[in-house]
Amino acid sequence: MMKHVFRLCVMLGIVMLASCDEPKSPQEIYDTQKSGVVLICNEFYYEIVMPDGESLYFAGLEDGKLVGLTDELAEIKKEPNRLNGTGFFIDENGKILTNRHVVAPEVDKTVVQRNMNGILEYFASLLEQKQQELNEKYAELQNTAANSLYEDYNGEVYTTMSDDDITSLQEQVELLRTEYAEADEQKQNLRNNLLSENFVIKLHSQFGVAYDKDMVREWSDLMKRPCKLLRTSRDEGTDLALLCLKSEKTPEDKFVFTIEEETARKDGNLAVDQKLYMIGYNQGVILANTTKGISAQLTSGTVTQTPDGNRVMYSIPTMQGSSGAPVVNEHGRVVAVNFAKAIGSDNFNFGIPMDRILLFLK
């Protein structure tokens, strides 16, 4: 009798285990998991420490030009750059996995250097032009003084200028010399501040997250739940980062995308044409806003290329803002983190594969 009971329990256990791994419907995946997907808000600006120790600030690059360049910290803080991305909870301690480029957007140092040095050289050239104009004025004063001179019959030299005229002329000459010296000093200071190749750009950011059903009317609504940056991947090919709620506690009503290594490695062996789903905030608040608060979108597609260990290609349509979104299989388990799209297409996109995710999280 006990033997039959044992066999029955084993069989029931096998059935229960099998049923737990049954494929889920897209609606079930969406309804269950969207609460664990967050809209990330990054407010940031860049700082350049010049050779003279002074700082300049800018919001970013647009069409190869510096945006919002200023030497006033208060000014850049009023008009920082802003972007949205997607992330998802991976534990009960408030940790959120996302892309590095969402939380630490890089700028091309070569372009920044070229822009800054071009600006410095431009103002230096204006000062050179001013010096040339001062030289011309000085030459005119010399010519005026020379034209006022005459000789008498005995060869003695005299001037037609009065004492007041001479005093005025001397004052003008002295003023020109002072202005010339000041322009020269400013010009040299500008050229001394030309950026070398080893200059440093500092990124200053603050983060917030919004949840499913949050009402968002303005940017400040997105920053009500502050986060801190724990780390970013040092591997150039692994576009991953880890945020954490400052409370260090995942809300109890939020889904947690548990990543268990053994299962994750098996799930990471993707096959061409395998069905995949993504929950993300395409175009940030623009598409997310509904009458019931913000809501992420579920999009689906299939694996379109044999994964090479560096990336996963799939046909899930995405838009800007979906960076950092979880890509899950038909069982609802994470198999990739969305990070880029193929140039010129919204329907061929790339994800960070499971092996790289596991390595980053160790």
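**The negative patch and the aromatic pairs**

Analyst: In this predicted model, E75 has its place in helix α3, which covers residues 73-78. With a relative accessible area of 44%, E75 is partly exposed, and this residue belongs to a negative surface patch that is formed by D52, E54, D71, E72, E75 and E79.

Turning to the aromatic side chains, a search of the whole structure gives nine aromatic pairs. One of them joins F255 and F257 in an edge-to-face arrangement, with 4.8 Å from centre to centre and 85° between the planes. The two partners can be described separately: F255 is partly exposed, at a relative accessible area of 24%, whereas F257 counts as buried, at 2% relative accessibility.

F339 and F350 form a tilted pair, with their centres 6.5 Å apart and an angle of 40° between the planes. Because F339 lies in strand β18 (residues 334-341) and F350 lies in strand β19 (residues 349-353), this pair ties together parts that are 11 residues apart in sequence.

Finally, F44, Y46 and F58 are linked into a cluster by ring pairs.

Methods
Residues are numbered from 1 along each chain as its sequence is written. This is a predicted model: local features need pLDDT of at least 70, side-chain atom pairs count only at pLDDT 80 or more; totals for chains, interfaces and linings use all residues. Side-chain values use heavy atoms; hydrogens and water are left out. Patches are made of residues with over 30% relative accessible area and no salt bridge: like charges are joined within 9 Å, nonpolar side chains (Val, Leu, Ile, Met, Phe, Trp, Tyr) within 5 Å. Accessible areas come from the Shrake-Rupley method with a 1.4 Å probe; for residues, only the protein chains shown count as cover. A salt bridge is a side-chain nitrogen of Lys or Arg within 4 Å of a carboxyl oxygen of Asp or Glu. Lys and Arg count as positive and Asp and Glu as negative; His and the chain ends are not counted. The place of a charge is taken as NZ of Lys, CZ of Arg, CG of Asp or CD of Glu. Helices (H or I, at least four residues) and strands (E, at least two) are DSSP runs, numbered from the N terminus. Buried means under 20% relative accessible area, exposed over 50%, partly exposed in between (1.4 Å probe, protein chains only). Rings of Phe, Tyr and Trp (its six-membered ring) pair if their centres lie within 6.5 Å; planes under 30 degrees apart count as stacked, over 60 as edge-to-face and the rest as tilted.
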